[in-house]
Structures are given as C-alpha cells and as structure tokens.
Amino acid sequence: MLLANMKSKVNGETLELARQLRQLTQKEVALAIGISQGQLSKAEHGIQELDESTLECLASYYKFPLDFFYKELDPTPVSHFYYRKRVTTNKILDSFIALVQIFKVFVEDLFNPVDLPEYDLPPLTPSEDLTVEEIADNIRYSLGIYKGPVPNLTTLLENHGIIIIKVDFGTDKLDGLSTFNSKGRRIIFINSRMSNERIRFSLAHELGHTIMHMPQLPDPSRDVEDEANRFAAQFLMPDKEIEPMLVGVNMYDLVLLKKKWKVSMKALLYRAKVLMTISDRDYRNLQIFYSKKGYNHGEPYPLPYETPTLLTETINLYKEELGYSESDLMSLMNIGIEEYKRFFLPSPIIQLNFLFNRK
C-alpha cells in the first residue's frame, strides 16, 4: 500500500460503489472473502475499519486497485442524475449509477491538465411564457443550427463543452444519462448497444435535461422525462419545418425523411401523430406494418455512427505527448483493467492485444 494511504482512511462509499458495480450483495461478498456481512456493512458505512489483508482481498475480488478505496467521491448528488430507461432491475440500475459515480471520480484526474471547450449553453426553464418547444428552438439557434437537420450531434455537443461517453451499459433497458460533476462539467453517458438513430435521439433527450433540469432540481410536479422527450423531438424535427413533410406520410416517405433528418422512422411516425398530420387509423396501420417488418429490432438504412473524440484525444495526449503507459493511466485514475477496457478500449481487437502484451 502507498505510504500516503497508510495515513488516510478508507472511504466506505467506494467499497459500496465497487460492490454495486459488480452487481453483488453484501452477503455474497462477505462469504467470498471470509468476513461477516455485518463487518462489510459497517465498513461501507464508515463505522468500522477493515484490516489491510481484508482490503486487499476486496480489491482483488472487485478487480479494483487498492488506492481506489481511499478516493474522495464527487459530491454532486445522485438526485441530479437524469436517465432514459425502460424496465430494469434495481441491481442493474444500482450498478449503472455506480459506474457513473466512479467515472466522475476519475474524470477530473484525467481532464485536469487538458484545455476542454467551455460549456456555454444557457439554462432555460419551461414556464407559462416559455414552452419546451421554444427552448429547443432557442438552443438550436445557440448551436448555430438555423434551419434543417441537426448535423453530427456528438461533435456539436463536444465542441460546446459536453463530455460524451459511449459505453456498454450491460443492459439494453437503459438508453442514456446526463449529469455534472463538482467542477460543473456536463457529462452525457450513452448506451453503445443502441442503434445510431436511437443514440441521436437519446443525446438530444439528455441535452434537454442538461438545459432544463440542471443544476437546480425542478419542481416534483413536472414530468421531466416528458419535457426531455418534447425537447428532443422539437430539437431534431422542428415542427414548422417538418410538419408539411409529414402530411399523409407513408412508409416510403419515412425512409426518405429518415435519411434527411437523421432520426428513426419510428420517431418520425410518432412526430406525425403528435403534429396530427396523419389520422389515428393510418398511424395504427403504419405501426402494425413497422412491427411486422421487424423494424423494432433494426430499421433499414442505419445512420452513420457518430464517434466522441474528447476522451480518445485526451488519452492520446497522455500517451504520445506525456509518455504515459496503460498502467500509468490506470494508476492516475485509480481504476482497474475492467473499467479501463470498458471506457478506453472499445475495440475487441485492441482489448485482446492489450491483454496479450501485458507482463
């Protein structure tokens, strides 16, 4: 153990985060490393210290460096997390939230020496005088999108200071999450399991949260998920422009409009329903046709993949200009190989080469 850590105290919250990330119960962990569940529970709550050998067992079991358990966590609260989800278990959701919290711990260590673009988008709150749709139009203007489809949304948001992390969430029941850290950096996590068109809509949805719902918590009576969906729809498909194109729309039209507006056929069809450019009957018939064609599992003419670059370019800076190795980077961020691969080595070929060349 490092001398500095011998004089400091284990942060019990990091013990809990590591366990939740691995989707393990206290009982399972205690049994595996040979301590009582009560000891582990007290350690996670900061009531009781664990001896060095037990901590080393935990670090090995969780596949985390020992130093991670001495890290201070980012103080921004979980209540500021916003995420698109369908149906998932508490264990999977807790694991995902733990992943986000862990990323927030090391993101500042990684980005501190890097000049990132400043976040420069205005916070706007829906009110009687300002609708969600008007906010979306305002943000389009702020981003320099005066007319037509939104270009590469990933690059656009990164250029305005939003860190975008595309990573496998380990489930297809969660689409994305937006948050910020103690330094005010906006971060959007996107599930890489999704189709490219769904990724773009989720990015726009999380942008809506970032603009309308952070950093102050909105009134509980507001449906923030509905607001974010409305923001995304207007942001990607502004009503005044797209409404004439959706009048009496058919499946062939949806394909052409998908190519133009870079959104899914399903989103376009729902937009037509909301804007009342087709009848309820036609909407149902197109939904049935869409389902029979199997488009729920993959639409034709997938959109090009949008690749985030801030994270990759930062890692390359450390390697090429500062001479950091993979091990150096893991030590800098106090993360293990599992998380390093998950965030920084998305290609299976790169992962295999990295593992093969490790001593």
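Predicted model: local features only at pLDDT ≥ 70, side-chain atom pairs only at ≥ 80, totals over all residues.
1. Residues are numbered from 1 along each chain as its sequence is written, and side-chain values use heavy atoms, with hydrogens and water left out.

2. Strands here are DSSP runs of E with at least two residues, helices are runs of H or I with at least four, and both are numbered from the N terminus; two strands pair if DSSP finds at least two bridges between them.

3. Strand β3 (residues 174-180) runs antiparallel to β4, and 5 bridges join the two. Within this pairing G176 has I190 of β4 as its bridge partner, while T179 stands opposite I187. The two strands form a hairpin with 5 residues between them, and G184 in the turn has a positive phi of about 85 degrees.

4. How many residues of strand β4 (residues 186-191) are buried? The count is 6 of 6, where buried means under 20% relative accessible area, exposed means over 50%, and partly exposed lies in between (1.4 Å probe, protein chains only). In a regular strand the side chains alternate between the two faces of the sheet. In β4 both faces are covered, with R186, I188 and I190 buried on one side and I187, F189 and N191 buried on the other. Strand β3 is likewise mostly covered, 7 of its 7 residues being buried.

5. The structure holds 13 salt bridges, each being a side-chain nitrogen of Lys or Arg within 4 Å of a carboxyl oxygen of Asp or Glu. One of them joins the side chains of E338 and K63 at 3.8 Å, N to O. Because E338 lies in helix α17 and K63 in the loop between α5 (52-62) and β1 (82-85), this pair ties together parts that are 275 residues apart in sequence. E338 is partly exposed at a relative accessible area of 29%, and K63 is partly exposed at 48%.

6. R230 forms a salt bridge with E133, the closest N and O atoms being 2.9 Å apart. R230 lies in helix α10 (residues 224-236) and E133 in helix α7, so the pair ties together parts that are 97 residues apart in sequence. R230 is partly exposed at 33%, as is E133 at 23% relative accessibility.

7. R193 and D168 also form a salt bridge, with 2.6 Å between the closest N and O atoms. This pair links distant parts of the chain, since R193 is in the loop between β4 and α9 (196-212) and D168 is in the loop between β2 and β3, 25 residues apart. R193 counts as partly exposed, with a relative accessible area of 45%, and D168 counts as partly exposed at 32%.
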